[in-house]
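Me: Before going through the labels given to parts of this model, I would like to see it. Then I will ask what each label rests on.

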Amino acid sequence: MEKTILARTGNEAMAEAMRQINPDVCAAYPITPATEIMQIFSGFVSDGLVKTKLITVESEHSAMSACLGSAAAGARTMTATSSQGLALMHEILFIVSALRLPIVLADVNRALSGPINIHCDHSDTMAERDTGWIQIYAENSQEAYDLLIQAVRIGEHRDVLLPVCVSTDGFIISHGMERLETYPDAEVQKFVGEYKPVYNILDVDNPITVGSLVLTDYYLEHKRAQHEAMKNSLRVMSEVFSEFGKTFGRTYDFCEKYRCDDAEYILVCLSSTAGTAKAAIEELRNQGMKAGLLKIRAFRPFPAEQITNTLKNAKAIAVLDRSESLSTRSGPVATEIKAALYDACVNKPMQTYIYGLGGREIYIEDIKKVFNNLKDAKCGGQVEYLGVKE
Amino acid sequence: MSKKPEIKTWKDINTGGWIESGTSEHFKTGDWRSKVPIWQEKNCIQCMQCFAFCPDDAIKVTAEGKRTGYDYGFCKGCGICAEECPITAKTIKELQKKGPNVKIDAWDGAKNPEYAEKAAILMVSIKEAKEKHNIK
């Protein structure tokens with residue numbers, strides 16, 4: 001397949017994917033650092049490059065509400081936001097997933113206030129961890145572009161029908177220009193296909209009720225059905241990853257394993273930090289240390305089996321969390337990994353870190369320090385702050 | 001009338017929980033009332049404002065398009081029908097001509113005997129509805 005090589009920022013890459021997906025409806029409200037996605041996309045709308053109905057609203061709460069209505073009417077619906085914007089969508093996010101509306105959201109990870117900050121960390125999406133959305137973290141512009149296209153197919157699959165959030169690291173990726181390979185419009189259109197909704201509130205010949213009151217009698221059953229959809233998404237994501245790989249020549253997985261096969265020390269992280277970690281691992285390998293990286297792309301559903309299978313042969317594990325859950329224990333990623341290892345009866349020395357909050361830089365030297373400390377890691381290590389002024 | 005959805009296990013729930021329309025027919029909400037609307041046929045001009053504004057299905061209309069009584073099973077006593085009734089506005093205006101300081105509105109107009117005589121929809125207490133109008 002013919003590929004076009006471009007220089008694009010993360011936001012430009014996501015807007016380009018949206019142009020090629022050509023959704024029926026987008027409702028959005030601008031917020032740094034995600035503003036550009038919809039700004040660029042609104043240009044596509046004005047230029048007639050997409051047939052999308054763009055709805056400009058007065059807040060993110062309204063944006064997600066408008067998306068909900070649009071999706072319930074059977075329209076393929078997308079939006080973009082970040083940080084406080086995602087937080088303002090919070091209550092609607094639960095309703096969207098419960099109504100099983102496969103809205104696709106491009107998020108740009110940014111710290112939540114307070115103190116007010118516009119730079120990268122994962123506190124915005126981690127705070128929406130339990131909303132029933134599929135969450136995918138992209139390392140770079142290419143992943144953001146590819147994963148946003150795949151998100152449409154994953155969410156809209158009949159056995160899933162769940163909303164999907166694909167995120168990039170604020171400024172680091174959203175505003176950083178990188179090499180991006182794009183695919184022809186027609187091929188992307190063919191891959192995403194036509195959306196066939198399971199219900200449509202505007203079908204006047206077959207009137208239905210959506211969002212009815214469910215009390216003690218059936219609420220539990222509704223959640224059980226959502227649980228099943230999330231379980232199904234593990235299988236469906238594998239299928240979509242594989243089909244995407246066959247079509248476009250770039251195969252994805254729930255996780256990326258970088259030099260893990262013989263690794264004695266494995267670092268786990270999400271998103272752009274993986275790029276820094278890979279460079280650190282190369283240096284450590286040259287010095288004789290068997291270092292590896294496990295980058296998690298899908299945080300919801302949580303690919304526990306793949307993660308434990310990779311980590312069970314390591315001597316020690318380090319987990320980096322770019323958000324705080326303030327439990328006084330580990331951050332959300334490490335907590336999840338610990339639970340997965342416990343379920344697999346694997347007990348390994350592990351050191352967990354909180355790092356990069358509010359856009360604090362992480363350097364190759366920081367990651368090398370993490371690996372070097374792992375040599376002395378013990379079971380039950382308490383969480384530490386990486387790169388903090390002490 | 002719609003059917004009540006039959007759900008035995010979580011697998012029987014439609015995707016996203018959609019159900020057939022019109023199920024509120026099964027959901028009687030009349031016991032929420034603190035006041036009761038009384039329709040006075042002799043004063044009604046059949047304008048259908050009350051039917052249009054009723055947020056539920058409490059205004060009964062015949063197949064020929066004639067407003068009749070109330071279906072109190074769906075009436076929450078919100079008073080919107082009495083508020084929107086043009087006879088209410090007309091009656092209040094007439095009373096105000098007689099005395100410019102007269103304070104009266106659709107919600108407690110029944111206390112004024114002249115208003116109670118001329119209005120097409122009266123909001124009365126539950127006690128009065130039972131005793132005077134035989135409405136439970």
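**Labels and their grounds**

Me: What makes Cys345(A) count as exposed?

Reply: The model is a predicted one. Cys345(A) has a relative accessibility of 73%, and exposed means over 50%, so the residue counts as exposed. Cys345(A) sits in the loop between α12 (332-343) and β15 (350-354) of chain A.

Me: What is the phi of Cys345(A)?

Reply: Phi is about 55 degrees, a positive value, although Cys345(A) is not a glycine. In chain B, Gln46(B) also has a positive phi, near 60 degrees, and is a residue other than glycine. Gln46(B) belongs to the loop between β2 and α1 (49-53) of chain B.

Me: Is Gln46(B) buried, partly exposed or exposed, and how do you know?

Reply: The relative accessible area of Gln46(B) is 25%. Buried would require under 20% and exposed over 50%, so Gln46(B) is partly exposed.

Me: Why is the contact of Lys51(A) with Asp24(A) called a salt bridge?

Reply: The N to O distance between the two side chains is 2.9 Å. The limit is 4 Å between a side-chain nitrogen of Lys or Arg and a carboxyl oxygen of Asp or Glu, so the pair qualifies. Lys51(A) is in the loop between α2 (35-46) and β3, Asp24(A) is in the loop between α1 (10-21) and β2 (25-28), and the two are 27 residues apart. Lys51(A) counts as exposed at 56% relative accessibility, while Asp24(A), at 29%, is partly exposed.

Me: How many salt bridges does the structure hold?

Reply: Over all chains there are 36 salt bridges. One of them joins Arg250(A) to Glu181(A), with the closest N and O atoms 3.0 Å apart. Arg250(A) lies in the loop between α9 (219-248) and β10 (255-258), and Glu181(A) in strand β8 (residues 178-182), so this pair ties together parts that are 69 residues apart in sequence.

Me: What makes Glu181(A) buried or exposed?

Reply: Glu181(A) has a relative accessible area of 12%. Buried means under 20%, so Glu181(A) is buried.

Me: How do you know that Arg297(A) and Glu256(A) form a salt bridge?

Reply: Their closest N and O atoms are 3.8 Å apart, and the limit is 4 Å, so the pair counts as a salt bridge. Arg297(A) is in the loop between β12 (291-296) and β13, Glu256(A) is in strand β10, and 41 residues separate them. Both Arg297(A) and Glu256(A) are buried. They also belong to a network of salt bridges that includes Glu139(A), Glu143(A), Lys278(A) and Lys295(A).

Me: Why are β3 and β13 of chain A placed at the edges of the sheet?

Reply: The sheet is open, with 7 strands in the order β3-β2-β4-β5-β7-β6-β13 and mixed pairing. β3 (53-56) and β13 (298-300) each have a single partner strand, so one side of each is left without a neighbour in the sheet. Neighbouring strands here are turned by 20 degrees against each other on average, direction ignored.

Me: Why is strand β5 of chain B called largely enclosed?

Reply: In β5 (residues 121-125) of chain B, 4 of the 5 residues are buried, so the strand is largely enclosed by the rest of the structure. β2(B) is joined to β5(B) by 5 bridges, and the two run antiparallel. Lys35(B) stands opposite Ser125(B) in β5(B).

Me: What makes Phe27(B) partly exposed?

Reply: Its relative accessible area is 48%. Exposed would need over 50% and buried under 20%, so Phe27(B) is partly exposed. Phe27(B) is part of the loop between β1 (19-20) and β2 (35-39) of chain B.

Note on methods
Residues numbered from 1 in each chain as written. Chains lettered and ligands numbered in written order. Predicted model: local features only at pLDDT ≥ 70, side-chain atom pairs only at ≥ 80, totals over all residues. Heavy atoms only, no water. Pairing = 2+ DSSP bridges. Axes fitted to C-alpha atoms, helices over the stretch in contact; angles between N-to-C directions. Buried < 20%, exposed > 50% of the residue type's maximum accessible area, 1.4 Å probe, protein only.
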